[in-house]
Amino acid sequence: MNVKANVGATGAYSDAEILAMIDEKNGKFDPKIYVDESLYRLELERIFARTWVCMGHESHIPNSGDFTTAYIGEDPVVVVRQKDASIRVFLNQCQHRGMRICRADSGNAKAFTCTYHGWAYNQGGDLVSAPMEKEAFGGCLNKAEWGPKQARVETYKGLIFANWDADAPGLDEYLGDVKFYMDIMLDRCEAGTEAIPGIQKWVIPCNWKFAAEQFASDAYHAGTTSHLSGIMAGVPEDVDITQVAPPTDGLNVHMENGHGCGLFLRNPMFYMTIVGPKVTEYLTTGPAYEEAVRRLGQGRADVNLCHTNVFPNLSFLAGINTVRMWQPRGPNEIEVWTFTLVDKTAPQEIKDEWRRHTSRTFSAGGVFEQDDGENWCDIQQVLQGHVAQNQKFNIEMGSHTVTADNPEGFPGLSFAYTYSEESARGLYRYWTQIMTAPDWDAIRRIDQRPLAAE
Amino acid sequence: MLDDTFKAAFESKPKAVSLELQHEVEQFLYWESKLLTDRRYKEWFGLLAEDLHYWMPIRSTKIMREVAQEYTDEQGFAHFDDNWYTMKGRIRKIMSDVGWSENPASRVRYLIGNVMVVPENENTINVVSASMVYRTRQERQLDVFACERRDVLRRVETEAGFEIVRRTILIDQSTILSNNLSFFF
Ligand code: FES
Ligand SMILES: [Fe+2]
């Protein structure tokens, strides 16, 4: 790791200063949003502690007592399947002296016992006993009061989400239009999806918003220089690389609540280089495709790759079916947690191919993802410079193509040409708004109408 | 589950093989890592069998009671899960001018030790080794990885003497402490 602490960071910013960090009219924004320590602490409070954050997939914990540990921002949590099949998510912190209650990544447990002084919790995280309770506490330890903090838990078609804020809207309302795009991955078949077992984790010394923004909005890097060698790795040797045309038919979509996506239409060749011929065939022809057409409609069934970010830090590529949570670790670092989803009713051979190809393309060693990690850490390192931090970045792409009416009839607040940054502008504008909103009443009052589409 | 052949072979201390075979195998492993260090990727690829499985399962933290499930199994997600054909694509990438994760290139060194050789028959030889991988790149990036490698080698009539049929890489890190795995193990 070669990015040091952001020692040059200035103190807290006023609301007006934060709101000015994106200047959509002039297509500029302030890169301090990626490096400033005080802004990062505010993100943990105002974004991660108030929004719906993904915990993984239901199939990671199918049976009673199955658990995984996860994070909401930097707060560790335990995600546990209960006897009645519901899911609980609680802070992984014993309220006696703060020890981590569960110290494994995953497993099955009847109960959790704190290793420090032995306070014991049931599967739901309720405090059930403390050693020598009578003698040491005189029988007056109010156990109902001293369990770890519980989060709200809801699921959407297999994905588990948690939220600390009692005033936040329900998950369904929070997701809003992005559900339409999530369904391209989650709802192709009646049975839904299942996760390939195993969550891959690795560290990239970069700000979490580089990753979130790329998945929300950046088709440009895929169609230009970033992933040329990744495409090369997946093209049969006899195919001339110059014959693989970058996709140009598609959309960039900005949605409410900071969500964003971009999608390519009617270009299965791009799939071919990533998930290989068998999965491409499965996705674009035959009974699985026909079922997808019936369930999603022709328009969505012919989306060939939809890159999406669900605000704040859940990203996925529908079709390739890599899902990832960008776990913030200070302004200068993330952990990437990623897993693969497959259609539950896909033939085993297709599931195997899907698994092998997401590992080959979108993972720490992935022929695509290797290069994202490379770009983001160099950007982050350059931003340690005083002068570099005080430059403005260009975010004007595709402004002239923005419209409120989507030619495909897909939902969203504004739409633009494939190679556009409309969704990034939306993401950063929402970021400035939620960062300056004191509570959910204020968040609800945010004017989300896109500037360029007015 | 995880490599039953290897489990059986190392249930008790394997019988020492002849010094000659031990030497031959070690020299092969050193040669192979030298090719990687020297970025002679085409020649390294020539050491891979066409029925190759190159596999690095994901390791995670488990309590002792469940430690047998530390690694993902063959149906699980993996850091690497490649065959000869997909490895060929990786070589194509790393040798292209536009593979940014290795252009400028990493500097990778391998220290191979603890080599234990268990022949299955004349032609098929199981080898366990420990590998320390030391990578630096760009101005000051430094990554260190330790792993056990379980190789199935096949005798072939080439200068190298063997080809790699199977390589299972058991990496020690659970969270990979690097921005990418853009090199080979
Ligand atoms: S810190 Fe958990 S029992 Fe004391
Ligand atoms: Fe990318």
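Predicted model: local features only at pLDDT ≥ 70, side-chain atom pairs only at ≥ 80, totals over all residues.
**Reading helix angles, contacts and bonds**

Trainee: Which residues meet where H6(A) and H13(A) are in contact?

Mentor: From H6(A) come Phe210(A), Ala211(A) and Gln214(A), and from H13(A) come Asp372(A), Trp376(A), Ile379(A) and Gln380(A). By class, that contact has four nonpolar, two polar and one charged.

Trainee: What makes H9(A) and H12(A) roughly antiparallel?

Mentor: Helix H9 (residues 268-284) of chain A and helix H12 (residues 348-361) of chain A pack at about 155°, with axes 8 Å apart. Angles over 145 degrees count as roughly antiparallel, and therefore these two helices carry that name. H9(A) passes H12(A) in a left-handed crossing.

Trainee: What classes of residue make up the contact of H9(A) with H12(A)?

Mentor: Seven are nonpolar, four polar and four charged. Among them are Val275(A), Tyr282(A) and Leu283(A) in H9(A), which belong to the set meeting residues of H12(A) including Trp354(A), His357(A) and Arg360(A).

Trainee: Why is H2(A) described as roughly perpendicular to H15(A)?

Mentor: The axes of helix H2 (residues 37-48) of chain A and helix H15 (residues 422-435) of chain A cross at roughly 80° and come within 10 Å. That angle makes H2(A) roughly perpendicular to H15(A), because the term covers 65 to 115 degrees. Leu39(A), Leu42(A), Glu43(A), Arg46(A) and Ile47(A) in H2(A) meet Trp431(A), Ile434(A) and Met435(A) in H15(A). The residues of this contact divide into six nonpolar, no polar and two charged.

Trainee: How do you know that Glu133(A) forms a salt bridge with Lys143(A)?

Mentor: The closest N and O atoms of the two residues are 2.7 Å apart. A salt bridge requires these atoms within 4 Å, so the pair qualifies. Glu133(A) is in helix H3 (residues 133-137) of chain A and Lys143(A) is in the loop between H3 and strand E11 (152-156), 10 residues apart. Over all chains the count is 43 salt bridges.

Trainee: How many salt bridges lie between chain A and chain B?

Mentor: Three. Arg137(B) forms a salt bridge with Glu374(A), with the closest N and O atoms 2.3 Å apart. That distance is within the 4 Å cut-off, so the name applies.

Trainee: What is the extent of the contact between the two chains?

Mentor: The contact takes 50 residues from chain A and 45 residues from chain B. Chain A and chain B bury about 3,800 Å² between them, and 49% of it is on carbon and sulfur atoms.

Trainee: Which peptide bond in chain A is cis, and what is its omega?

Mentor: The bond from Phe311(A) to Pro312(A) is cis, with omega near 5°. Pro312(A) is in the loop between strand E17 (303-310) and strand E18 (314-318) of chain A. In chain B, a cis bond joins Asn103(B) and Pro104(B), with omega about 5°. Pro104(B) is in the loop between helix H4 (84-94) and strand E3 (107-119) of chain B.

Trainee: Why point these bonds out?

Mentor: Because most peptide bonds are trans.

Trainee: What is the phi of Met132(A)?

Mentor: Met132(A) has a positive phi of about 50° although it is not a glycine. Most residues other than glycine have a negative phi. Met132(A) is in the loop between strand E10 (127-129) and H3 of chain A.

Notes: Residues numbered from 1 in each chain as written. Chains lettered and ligands numbered in written order. Heavy atoms only, no water. Contact = heavy atoms within 4.5 Å. Helix = DSSP H or I, 4+ residues; strand = E, 2+ residues; numbered from the N terminus. Nonpolar A, V, L, I, M, F, W, Y, C, P; charged D, E, K, R; others polar. Buried area = accessible area lost by both parts, 1.4 Å probe. Salt bridge = Lys/Arg side-chain N within 4 Å of Asp/Glu carboxyl O. Axes fitted to C-alpha atoms, helices over the stretch in contact; angles between N-to-C directions. Parallel < 35°, antiparallel > 145°, perpendicular 65-115°, else oblique. Left-handed = near helix turned anticlockwise from the far one by under 90°.
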